[in-house]
Amino acid sequence: MVKKVGVAILGLGVVGGGTYQTLVKHREFYKQTQNVDVTVESVLVRSGKRVKELGIPEELVAKTIEEVVANPAVDIVVETIGGCGVAKEYILAALNEGKSVVTANKELICKYSHELERVAKRNSCGLYYEASCVGGVPIIRTLLDGVQANRITEMMGIINGTTNYILTKMTQEGAEYDEVLKEAQRLGYAEADPTADVEGHDATYKLSILASMAFHTKVPYTKIFREGISEVGRKDIQFGKELGYTLKLLAIAKNTEKGIEVRVHPTFVRDRHPLAAVNDSYNAVFLRGDAVGDVMLYGRGAGAFPTASAVVSDVIFAATHADVKYSTFKNTANADPNVNFISDFESAYYIRLFVDDKAGTLTKITGIFARYGISIVVVDQKGRADPTATGDAARVPLVVITHKTRENSIKKAVAKINETDLAIVRSVIRVEDQ
Ligand code: HSE
């Protein structure tokens, strides 16, 4: 017999609307393939505009969250409002009524999953959040059900579509960050306030959730080193390209014998690396497991239907499983005190300097790197200055690529170089797969 399941949708923005349309469109299909008849029984929205646009019957529109959770026809509540304000309050109200919750809210899950999961467990209901990370790419299901046989040692990915779109355009068109950002905002790829995406907060929330699952221990977002893309210059992308590198905003998580290393920052990867070919607003996550080896997932990390794909797959899971699935790590507010988080991580580096084009400069600069134990792979001077010039006109860009070294050594060497009157460091970018 086909099981009947009622859903409420809170918020009808891009994701809520896509979820409604997917559920309506595929109702018969889910009956046939999943043996479940999922119907939308209630919606809660701020304005009626979207209700009309989506053709939702007026009688489904609830006035309050109390009305939604008291509705006996509602079994599962889908939250697509976002943020940590009313979304949290509404989710708690649903869980406290014993309704399973499906959410796309990465910030809320990253910051409060411990609290929400505790309430879910107390009420024997589910809390599912596949859509919170990497949109339509089934990364959470993969970590929970696909690669659980493995110890995951490493995860690396492009998990923010906005920044990948901006970096792709800067690379392909040789354009500056500000120009591309404006274009991305005009086309709707970037928000009017782009801070959460371009400064790496969004990727940090997602990495916290994914690394916690991959390494089976709480990885709070506050432990993640974060640097956004707003300072990235067109010149760096161009110079990197000349050396065979592509620039991406990467989320990196490594589980080593010395501890856990988690970071989000612009990163040069070799042009031949699979992540270098992930362009525009696409996302991809690369996993390394001790049994399976390397696995890569690729797809749309945002958008109405890709994200609805993840939301609805959670709805179907919640509708078809009597047993509830909770996170596989001790879900606490803070990290386990026994886990060491490595802040002085190792990486190779790309450093762009602006140097006096005269004999002896290079020796002094490489001498400073040597003093901090930093070994150099490439030194590439870009052009020549007029030997009669003075001031900035007597200087040229110089690109240095280092072997793997420690973050703190680079910081110290950069500070020392900036103290000289020979050179100034314009940018420092980490390099994977150097
Ligand atoms: N703002 C996100 C991105 C999409 O640009 O990838 C939702 O997580």
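Entry 1. Domain bounds, as I use them here, come from an automatic or database domain assignment. I note that the model is predicted. I looked up how the chain is divided and found domain 1 (3-132), domain 2 (139-301) and domain 3 (346-432). I then looked up the C-alpha centres of domain 1 and domain 3, which lie 54 Å apart.

Entry 2. Which pocket holds the ligand? I found that the ligand sits in the largest pocket. Two elements give two or more residues to the shell around the ligand, namely helix 8 (161-173) and helix 11 (201-215).

Entry 3. I listed the residues that surround the ligand: Lys106, Asn160, Gly161, Thr162, Asp197, Asp202, Lys206 and Ala302.

Entry 4. I looked up individual atom pairs, taking a polar contact as a pair of N or O atoms within 3.5 Å. Thr162 places a polar side-chain atom 2.6 Å from an oxygen atom of the ligand. For Asn160, a polar side-chain atom lies 3.4 Å from an oxygen atom of the ligand. Asp197 has a polar side-chain atom 2.9 Å from a nitrogen atom of the ligand.

Entry 5. How much of the ligand's exposed area does the protein bury? I recorded that the ligand, taken alone, exposes 260 Å², and that the protein buries 80% of that area.

Technical notes
Residues numbered from 1 in each chain as written. Predicted model: local features only at pLDDT ≥ 70, side-chain atom pairs only at ≥ 80, totals over all residues. Heavy atoms only, no water. Near = heavy atom within 4 Å. Polar contact = N/O pair within 3.5 Å; in protein donor to acceptor, adjacent residues only side chain to side chain. Areas by Shrake-Rupley, 256 points an atom, 1.4 Å probe, with all protein chains shown as cover. 1 Å grid on protein atoms, 1.4 Å probe; cavity = no way out; pocket = protein on both sides within 12 Å on 5 of 7 lines; lining within 4 Å. Sits in = over half its atoms within 2 Å of the grid points. Helix = DSSP H or I, 4+ residues; strand = E, 2+ residues; numbered from the N terminus.
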